[in-house]
Amino acid sequence: MPIIIAIVAVIAILGVGGYVLQSNTVEDSVIAPTEITTRPEEATRPTETAEVTDAEPAPATTAPAPVAETSSEMTYKARGEYLTPARTNHIIDVTLTLENGIVTAADVIYDEGDGFSNPHQQRFDGAYKAQVVGKRLDEINLSRVGGASVTSRSFNEVIADIEAQINA
């Protein structure tokens, strides 16, 4: 008889426990909303990586000074040359429009208009404007934009040439 009482007690305990668990359904629960925030500055922060190459970029050369002027807007052109690790020489012709010292437009022509000679130039072309337009010349210092470290370095040299044109 004590065994039957023990079995009934266990069934009763399990029955009450099952009832308590059953009443705690999703409909009876209240889930507090969670606020998710993102920090755009962290999502877009560039990462710097060092690239070691044995190729030295060729010195940049400068094209004519300002080519157009409207009120406080000035357009400058300069040329840069660089040597890739594969020992191929490339030319970039950069045109910048500045208004009140801020870059309002930028354009790069690669290898005298022959299009892109490698994927690095194409990736650079798709990414550099976001880091140039809206900035002062002294704020521009590109580093491996679109994976193109030597193109970025040559672009920085061209920016320095344009700054020299302005200060001359």
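Biologist: Arg87, buried or exposed, or in between?
Modeller: Arg87 counts as partly exposed, because its relative accessibility is 48%. Buried means under 20% relative accessible area, exposed means over 50%, and partly exposed is in between (1.4 Å probe, protein chains only).

Biologist: What am I looking at, and how are residues numbered?
Modeller: This is a predicted model, where local features need pLDDT of at least 70, side-chain atom pairs count only at pLDDT 80 or more, and totals for chains, interfaces and linings use all residues. Residues are numbered from 1 along each chain as its sequence is written, and side-chain values use heavy atoms, with hydrogens and water left out.

Biologist: Back to Arg87. Where is it found?
Modeller: Arg87 is in the loop between E2 and E3. Helices (H or I, at least four residues) and strands (E, at least two) are DSSP runs, numbered from the N terminus.

Biologist: What about the phi of Arg87?
Modeller: Positive, about 65 degrees, although Arg87 is not a glycine. The hairpin of E2 and E3 has five residues between the strands.

Biologist: How many bridges join E2 to E3?
Modeller: Eleven, and the strands run antiparallel. E2 covers residues 73-83 and E3 covers residues 89-99. Two strands pair if DSSP finds at least two bridges between them. As one example, Met74 has Leu98 in E3 as its bridge partner.

Biologist: And E3 with E4, parallel or antiparallel?
Modeller: Antiparallel, over eight bridges. Thr97 has Ala105 in E4 as its bridge partner. The hairpin of E3 and E4 has two residues between the strands, and Asn100 takes a positive phi near 55 degrees there.

Biologist: What about Asp111 and its phi?
Modeller: Asp111 is not a glycine, yet has a positive phi of about 45 degrees. Asp111 sits in the loop between E4 and H3. With a relative accessible area of 13%, Asp111 is buried.

Biologist: Switching to charges. How many salt bridges are in the whole structure?
Modeller: Four. A salt bridge is a side-chain nitrogen of Lys or Arg within 4 Å of a carboxyl oxygen of Asp or Glu.

Biologist: Which residue does Arg79 form a salt bridge with?
Modeller: Glu112, with the closest N and O atoms 3.3 Å apart. Arg79 lies in strand E2, while Glu112 lies in the loop between strand E4 (102-110) and helix H3 (119-127), so the pair ties together parts that are 33 residues apart in sequence.

Biologist: Are those two exposed or buried?
Modeller: Arg79 counts as partly exposed, at 24% relative accessibility. Glu112 counts as exposed, at 53%.

Biologist: What does Arg136 meet in salt bridges?
Modeller: Asp138, at 3.1 Å, N to O. Arg136 also meets Glu139 in a salt bridge, at 3.4 Å, N to O.

Biologist: Which residues do shared partners join into one network?
Modeller: Arg79, Asp93 and Glu112.

Biologist: And how accessible are Arg136, Asp138 and Glu139?
Modeller: Arg136 is partly exposed at 39% relative accessibility. Asp138 is exposed, with a relative accessible area of 53%. Glu139 is partly exposed at 41%.

Biologist: New topic. Where is Ser154 placed?
Modeller: In helix H4, residues 149-167. Ser154 counts as buried because its relative accessibility is 0%.

Biologist: Which residues is Ser154 in contact with, leaving aside neighbours within four places in sequence?
Modeller: Gly80, Glu81, Tyr82 and Ile92. Contact means heavy atoms within 4.5 Å.
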